[in-house]
Amino acid sequence: MKVINNFVLTNYNSYRINAICSKAWFPDNEFELMDVFKRNKKPIILGNGNNIILSKNYYDEEFIVFNGNYNNVNVQENLIVAESGATLLHLSEVALFYNLSGLELFYDIPSSVGGAVVMNAGTKEKEIKDILIKVRYLDLVDMQFKEILKDEIQFEYRNSFFQKNTDKVVIKAWFELQQGDHKVIKSKMEETKRIRWEKQPREYPNCGSVFKRPPGRFVGPMLDELNMKGFAVGGAKISEKHSGFIVNFNNATGNDILAVISEAQRRVKERFNVDLEVEQRVI
Ligand SMILES: Cc1cc2nc3c(=O)[nH]c(=O)nc-3n(C[C@H](O)[C@H](O)[C@H](O)COP(=O)(O)OP(=O)(O)OC[C@H]3O[C@@H](n4cnc5c(N)ncnc54)[C@H](O)[C@@H]3O)c2cc1C
């Protein structure tokens with residue numbers, strides 16, 4: 001297992017915030033993962049870092065990283081079994097290779113399999129729960145490997161049993177897809193990506209939508225009405241292209257991002273009496 005002291009996290013979070021942790025572990029299998037937990041009190045788990053805000057410059061805590069490791073993917077007829085570190089991009093490409101349909105909308109969501117299950121990643125059309133069968137996880141309470149069926153995972157919009165129970169670590173997931181036509185699957189993947197890149201500020205580091213969609217409302221239009229496009233603190237600002245995103249335009253710190261968030265929440269509450277809930281995980 002790769003282990004790195006004083007590990008630089010900049011390329012491991014998509015906001016590209018500069019931060020260092022005292023040690024990073026990159027387990028290659030579930031037994032190595034368990035071993036790290038036996039040696040450490042409470043390491044921080046990182047998937048692909050596409051939905052996190054690093055609030056500190058230096059972490060005394062150690063990190064367990066699923067990014068480029070623990071990423072095997074197996075296809076059994078129309079089932080795809082993937083380890084936590086596999087990306088949704090890779091999963092979608094494997095599905096395409098086997099002419100399996102169901103992952104097209106996830107092709108462009110930057111995510112590890114573990115992160116996608118924890119966050120119930122998705123779009124308004126489809127969430128990860130819609131193709132998931134079951135999950136294997138390490139229960140840190142009794143240090144046992146367990147399996148849980150989709151219906152027991154208490155999925156909600158961008159929420160799950162795993163998000164509420166941080167002592168359970170996702171290690172593997174089973175997805176059910178359908179046989180489809182190669183050309184149709186491919187064009188749906190490409191079209192999804194094209195539309196998303198048109199709308200999203202991909203030219204700057206970001207972590208996707210900052211806030212959850214409040215019932216009956218859309219975050220972007222509320223912030224637009226408040227003239228908050230381009231509102232900046234330090235190196236972080238609300239994107240001019242898509243107000244639901246905060247971008248790092250100039251060496252932002254986690255605290256710059258958090259300050260932009262607080263101000264947006266304050267103004268939205270004052271004008272619309274709506275409480276904006278942050279989707280991204282603050283570490
Ligand atoms: C450009 C862009 C577009 C995006 N578009 C979308 C979108 O359309 N829909 C959407 O839902 N999201 C979107 N996101 C957000 C992000 O892609 C998802 O939330 C994604 O699922 C996060 O996965 P990750 O592996 O990066 O998780 P991370 O950011 O690494 O972690 C997220 C949380 O999960 C925990 N975690 C990670 N892996 C595990 C594990 N194996 N076991 C237990 N806990 C774990 C972490 O501790 C953390 O709390 C977007 C992000 C970007 C940058």
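This is a predicted model: local features need pLDDT of at least 70, side-chain atom pairs count only at pLDDT 80 or more; totals for chains, interfaces and linings use all residues.
1. Into which domains is the protein divided? The division is into domain 1 (2–65), domain 2 (73–184) and domain 3 (201–282), with bounds that come from an automatic or database domain assignment. Taken over C-alpha atoms, the centres of domain 2 and domain 3 are separated by 28 Å.

2. Residues are numbered from 1 along each chain as its sequence is written.

3. Around the ligand there are 31 residues, a residue being near a molecule or strand if its C-beta atom, placed from the backbone, lies within 6 Å of it. Of these 31, Gly47, Asn50, Gly114, Gly115 and Gly208 come nearest. At least two residues of the shell are supplied by each of strand 3 (44–46), helix 3 (113–119), strand 11 (168–176) and strand 13 (206–209), and helix 3 gives the largest share, five residues. Helices (H or I, at least four residues) and strands (E, at least two) are DSSP runs, numbered from the N terminus.

4. By residue class, the shell around the ligand holds 14 nonpolar residues, 16 polar ones and one charged. In this scheme Ala, Val, Leu, Ile, Met, Phe, Trp, Tyr, Cys and Pro count as nonpolar, Asp, Glu, Lys and Arg as charged, and the others, Gly among them, as polar.

5. The largest nonpolar core has 75 residues, and those that touch the most other members include Val65, Val117, Val170 and Ile257. Such a core is a set of buried Ala, Val, Leu, Ile, Met, Phe, Trp, Tyr and Cys residues joined through C-beta atoms within 7 Å. Leaving aside neighbours within four places in sequence, Ile257 is in contact (C-beta atoms, placed from the backbone, within 7 Å) with Tyr15, Ile53, Ala236, Ile246 and Ala252.

6. Strand 15 (residues 236–238) and strand 16 (residues 245–248) run antiparallel and are joined by three bridges; two strands pair if DSSP finds at least two bridges between them. They belong to an open sheet of four strands in the order 13-16-15-14, with antiparallel pairing. Its edge strands, each pairing on one side only, are strand 13 and strand 14 (232–233).

7. Strand 6 (residues 73–76) and strand 7 (residues 79–83) run antiparallel with four bridges between them, and Val73 has Ala82 as its bridge partner. The two strands form a hairpin with two residues between them, and Glu77 in the turn has a positive phi of about 55°. Strand 7 is also joined to strand 11 by five bridges, again antiparallel, with Glu83 opposite Lys172.

8. Most residues other than glycine have a negative phi. Met143, in the loop between strand 9 (132–139) and strand 10 (144–149), has a positive phi near 55°, and Met143 is exposed because 10 other C-beta atoms lie within 10 Å. Arg158, in the loop between strand 10 and helix 4 (161–164), has a positive phi of about 50° and is partly exposed, with 19 other C-beta atoms within 10 Å. A residue is buried if 20 or more other C-beta atoms, placed from the backbone, lie within 10 Å of its own, exposed if 12 or fewer, and partly exposed in between.

Terms used: Two residues are in contact if their C-beta atoms, placed from the backbone, lie within 7 Å.
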